[in-house]
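Me: Please take a close look at the salt bridges in this model, and describe the side chains that take part in them.

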Amino acid sequence: MGSSRNNVIAALTAALLWAFAFIAPAAVKPASELLLVTGRYSLFGLCGLYVLCRGWSELKLMPIRRILFGLHIGFVGYFVFYICVSYSATMDSGFITAMIVGSSPITIAIAGNFAEKRLAWRELVAPVVLILSGIILLSASDFIQGEPSDGSMVGVVLAILAMLTWSYFVVRNAQSQRTWATKPDPTIWAALVAMGAGGGSMLLLPFAIASTPDETFAPYPLFKIIMWCIFLGVIGSWWGTYIWVKAAKGIPVPLVGPLLATESIFGAILSLLVEQRIPTWTEIGGCLCILAGLGLYMVFDVRNSRSRDSGRSGGGSSAGSMERPESSDVPVVT
């Protein structure tokens with residue numbers, strides 16, 4: 001990818017591509033959210049199927065339990081995750097959905113800390129309090145503005161479920177890659193995960209089509225949703241992840257977290273543009289709390305990473321600490 005500057009630009013491009021997922025559900029109306037999700041991941045799954053066919057000899061060497069595990073986390077971490085995101089964004093606001101989902105590094109840190117301690121628990125208290133305060137402010141925004149609705153609360157709950165679902169995917173995927181003696185080929189593994197998302201989508205695609213309003217199949221709405229599915233499934237999910245993985249190899253580890261966080265920032269900005277409004281003061285306060293919590297967590301994480309590096313260079317590392325991940329190992333949101 002060339003210089004570090006070019007890598008950062010490429011990573012930001014990938015984050016921007018992923019951010020369009022937050023505005024797509026509103027953009028394809030009157031098409032249903034389910035049709036968007038199944039269309040997107042059916043195409044994503046076909047990309048994975050193509051890769052698996054080309055790497056069939058390597059796939060045959062993989063134990064069946066690992067294949068099933070890859071399909072499982074792909075279904076949960078991509079298909080179920082985006083179902084929650086899509087319905088949340090249309091029931092409430094893409095801005096709120098993007099910010100809540102963007103706080104997932106904290107839930108990932110908490111879950112990961114139980115398995116492989118990376119931070120002292122006391123260092124997670126302040127970031128968690130800030131994140132929870134931000135989510136509460138975002139959840140209460142409609143009530144404070146005097147416009148409460150059942151849909152907005154359901155949207156917040158779905159955004160939280162999306163955050164937890166993505167955290168499950170990241171932690172379980174990272175644990176498997178660290179504990180397996182024989183690591184799977186990254187391309188084959190990515191294709192398996194894509195097939196997990198695509199398999200569920202293909203099964204539900206006929207139902208999604210049948211439950212979609214008739215006006216969706218007029219020429220322009222149909223063309224619009226097909227273009228969005230292609231953009232999200234092929235350009236956003238597959239190509240966006242590809243350029244991120246390539247770019248991340250040349251990015252210093254301390255920059256990876258902030259660069260990943262830009263996806264939610266891009267998503268929030270795009271959502272406000274689509275909704276043609278400015279955020280309320282309550283939403284701004286919630287957003288700032290979440291960003292402050294993420295920033296504080298990243299400061300602690302970078303400091304501890306440097307301490308472990310110093311310990312290893314001085315003759316060893318403290319017992320029980322986990323290895324510092326390379327930038328290319330950090331999971332991405334697609």
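Reply: Arg-277 and Glu-275 meet through their side chains in a salt bridge, at 2.7 Å from N to O, where a salt bridge is a side-chain nitrogen of Lys or Arg within 4 Å of a carboxyl oxygen of Asp or Glu. Arg-277 also meets Glu-283 in a salt bridge, with 2.9 Å from N to O, and in this way Glu-275, Arg-277 and Glu-283 are linked in a network. This is a predicted model, in which local features need pLDDT of at least 70 and side-chain atom pairs count only at pLDDT 80 or more, while totals for chains, interfaces and linings use all residues. Residues are numbered from 1 along each chain as its sequence is written, and side-chain values use heavy atoms, with hydrogens and water left out.

As for burial (buried means under 20% relative accessible area, exposed over 50%, partly exposed in between, with a 1.4 Å probe and protein chains only), Arg-277 counts as partly exposed because its relative accessibility is 26%. Glu-275, at 30%, is likewise partly exposed, whereas Glu-283 has a relative accessible area of 4% and is therefore buried.

The search of the whole structure finds three salt bridges, and one of them joins Lys-29 to Glu-33, whose closest N and O atoms are 3.0 Å apart. Here Lys-29 is partly exposed, with a relative accessible area of 37%, while Glu-33 counts as buried at 9% relative accessibility. In general, side chains of opposite charge can pair when their charged atoms come close.
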